[in-house]
Amino acid sequence: MMKSDAKRDEAVEHHIADLHAKLKITAAEESQWKEVAETMRDNAKNLDKAIDKRDASLASATAIDDLNSYADIAQAHATGVKKLAKSFSGLYSMMSDDQKKEADLIFSHRNHEGKKVANR
């Protein structure tokens, strides 16, 4: 594992803890939450692999290599989002209406100023 991976792992663990607190995960939801958290960790590892592979070859990469490595990173991200949506759906179905409202807000496509980034 590269040094930057450790920083990314720490960031993922922080994000998991922050999300757990913001969503006010209950004891009854904990087993579903663990699946979500594990999916987030797996997604981060898969994205790390794609990023590390790209970083390792940057010095000798051609334009085509660079585009392909970027595509690999984008694909890892897209696959991870789909996996997260699937694992999160079980938890979401158990949540209270207040928790769902918070999740909807957290996962909406809004930038930091609160402006809508993408229409749904």
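Helices here are DSSP runs of at least four residues and strands are runs of at least two, numbered from the N terminus. Counted that way, this predicted model has 4 helices and 0 strands.

**The overall picture**

- Read from the N terminus, the elements follow the order α-α-α-α.
- The protein has 120 residues, and 24% of them count as buried.
- Among contacts with a separation of 6 or more, 62% are between residues 24 or more positions apart.

**The aromatic pairs**

- The protein has 2 aromatic pairs.
- One of them joins Phe88 and Tyr92 in a tilted arrangement, with 6.1 Å from centre to centre and 45° between the planes.
- Phe88 and Tyr92 are separated by about one helical turn, because they sit 4 residues apart in helix 3 (residues 63-94).
- Phe88 also forms a tilted pair with Phe107, at 5.0 Å centre to centre and 50° between the planes.
- This pair links distant parts of the chain, with Phe88 in helix 3 and Phe107 in helix 4 (residues 97-107), 19 residues apart.

**The cluster and its surroundings**

- Phe88, Tyr92 and Phe107 come together as one aromatic cluster.
- Phe88 has 10% relative accessibility, so it counts as buried, the cut-off being under 20%.
- Tyr92 is partly exposed, at a relative accessible area of 25%.
- Phe107 is partly exposed too, with a relative accessible area of 35%.

Methods. Residues numbered from 1 in each chain as written. Predicted model: local features only at pLDDT ≥ 70, side-chain atom pairs only at ≥ 80, totals over all residues. Heavy atoms only, no water. Buried < 20%, exposed > 50% of the residue type's maximum accessible area, 1.4 Å probe, protein only. Contact = heavy atoms within 4.5 Å. Phe/Tyr/Trp six-rings, centres within 6.5 Å; stacked < 30°, edge-to-face > 60°.
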